[in-house]
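Grab your viewer and work through the exercises below. Each one sets a task, then walks through a solution.

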Amino acid sequence: MAEGPPVCRPPRFRVARRFRWRRAERRGDRGLAGAVARATDDGRGLTVLTVWTGLPAVRRRRPVDYVSDGLYHAGMVTLMALAAGAALAGSAAAPAPPRVSGTFVQDEAPRRTARQGPVGRYPMLGRSVQVDPAFGYYKDRSPESIAAEIRANGYGVVHYVVTSADKADPRLVEAFHRQGIGVWCLVFGNGCYTTADLPAGWEVWKMVTRTDLQGKALNDGYTRLCLNNADYRRWKKANMAAILAKGGFDGLEIAEPHWPEYPGKESPAYACFCAACKAEFARRNPGEAGLPDILDHASPRSPERNPGLWRKWLEFRRDTLTGFLNDLVNGPGGLRTSSPGVKVCTWTLALAQPDGLRRVLEDSGEDAALVARTVRPDLHGLQTHWPDWIRGDLPPDYVRAYKPFIDPLLAHSPRIPVLIQADIGSQKQNRWGWDWVRRFEAACEKLGARATTLYEYFIGGYMYSDPPRIAAAALDGNALTLSFTKRLGADAAQASRYTVKGRRVVSVRVDGSLAILTLDRAAKPGERPRVTARSIPDDPGRRLYDDKPATVLEEQVVTVAGR
């Protein structure tokens, strides 16, 4: 019988001098006077806080390592003790490593540091996951259970995918905030998955693709809208402002603003050849008779016969894409004006091929360094291009091949943090587990990236291989809530699967990743009930692919801190 990490209630203490992890001082808590802290990197993208204390339970000064799973935010900061941390939790005999929640109270406004990024109420940089509530994994459960599950897996930042304004749920954002989690709102730049939000007459905004030029219809589930259409830009600004006003997000990111599409002009989605693009190209290039002809190789305007025109076309796509993002952020009615104080993130693609930088520029019109230098976002994201993420043999340090994208970006805009996004399971062959994820996050940090994110949290390989585990527990009267690392199956609601020492479990209600136990009587002040959970399954029916059986927690024992 293996005993799981106990849930402990630590002392309350202050971190002095601008929350810089240099020195912790006592403010009424015995034993923390003169404690000295040092922040180091643990090699997994986390910050290790080593604390030397003179606690009576330790009886001598000794190092205690803690790992912060988020950047600065006021209120609760979750820590995990890696060694000998039980003393700070008030129980010298408790087995290591315990999970600890400590309350940090800032003495004065924190400064921006190399690892913290922009100062705000919630963290916005560091390790994060993308969450798309449109998937079934997030249906039929409370917002609180979703937020608790993300926190249980050690993440303090989420990128909330919003496909339409009505999908932005402020209750979920509030639930994330109650867990101390910062929330980015992710919207798409070059189109939409649903046209429900679009006004009458939006059809003229559509990109004209290679398929359209051939007189055919491209029906792939995504509606591409032209970056050069002035009406689309005006609508997009208003739509983003409305989403932010409704949702209470901390930041907004414009993902996938690229011109379609890899692998270039032979792609069925290659664009755009609409009236707005023709007019703008003519304005910028008055001596040219029209846009390049990508269908007829014998045409005098084909790339093969008129390379000069083709170079102008590539420059046009690069400059108008950059202008599109700059307009949405800094232009009239843009984010800086409509939503002051909200952080902004721009995205471009990255490709791990020998000529990846050229391919992204020529195929998609994206120049990451130019976008960052022109738009001046608070964060710039590099999205793993689909030729990379579909690989079943993709090593976690594949991002080293993104150095040609990162180096010029940091050279031209050193004050703008870089985020790198990975796909962890959109196809069966690229479902990655936690070991792969941690090595990916560590590789990104070594490259100078200060943030990472994963598409999408619930599709990772760990969902198919790892059993649920209890990460936290809370006792309120006779209600005991167990927070698991995964969504639970229906059988997890059976009271016979739980034992609470000195208590009888009357009933169990499952809410996503939460199991709420009703006990026959309330705990006494200071009492620390011991809980055993056995044969707790996850819910395989909610996964992206239903091709593997449920994973089952055989047994876990936790001790719940009393009030």
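**Exercise 1: two helices meeting**

C277, E280, F281 and R284 of α5 touch L309, K312, W313, F316, D319 and T320 of α6, where contact means heavy atoms within 4.5 Å. The model is predicted, so local features need pLDDT of at least 70, side-chain atom pairs count only at pLDDT 80 or more, and totals for chains, interfaces and linings use all residues. Numbering starts from 1 along each chain as its sequence is written, and side-chain values use heavy atoms, without hydrogens or water.

Task: describe how α5 and α6 cross.

Step 1. Sort the contact residues: five are nonpolar, one is polar and four are charged.

Step 2. Take the axes, which are lines fitted to C-alpha atoms over the stretch in contact, with angles running from 0 to 180 degrees between N-to-C directions. Those of α5 (residues 275-284) and α6 (residues 307-330) come within 11 Å and cross at roughly 110°.

Step 3. That makes the pair roughly perpendicular (65 to 115 degrees).

**Exercise 2: one face of a helix**

Task: find which residues of α8 (residues 356-364) are buried, and what covers them.

Step 1. G356, R359, V360, D363 and S364 are buried (under 20% relative accessible area, 1.4 Å probe, protein chains only).

Step 2. Looking down the α8 axis, these buried residues sit within an arc of 95°, so they line one face; the arc is that of directions from the helix axis to the C-beta atoms.

Step 3. Their cover includes α6, β16 (343-350) and α11 (403-412).

Methods
Helices (H or I, at least four residues) and strands (E, at least two) are DSSP runs, numbered from the N terminus. Angles under 35 degrees count as roughly parallel, over 145 as roughly antiparallel, 65 to 115 as roughly perpendicular and the rest as oblique. Ala, Val, Leu, Ile, Met, Phe, Trp, Tyr, Cys and Pro count as nonpolar, Asp, Glu, Lys and Arg as charged, and the others, Gly among them, as polar. Buried means under 20% relative accessible area, exposed over 50%, partly exposed in between (1.4 Å probe, protein chains only).
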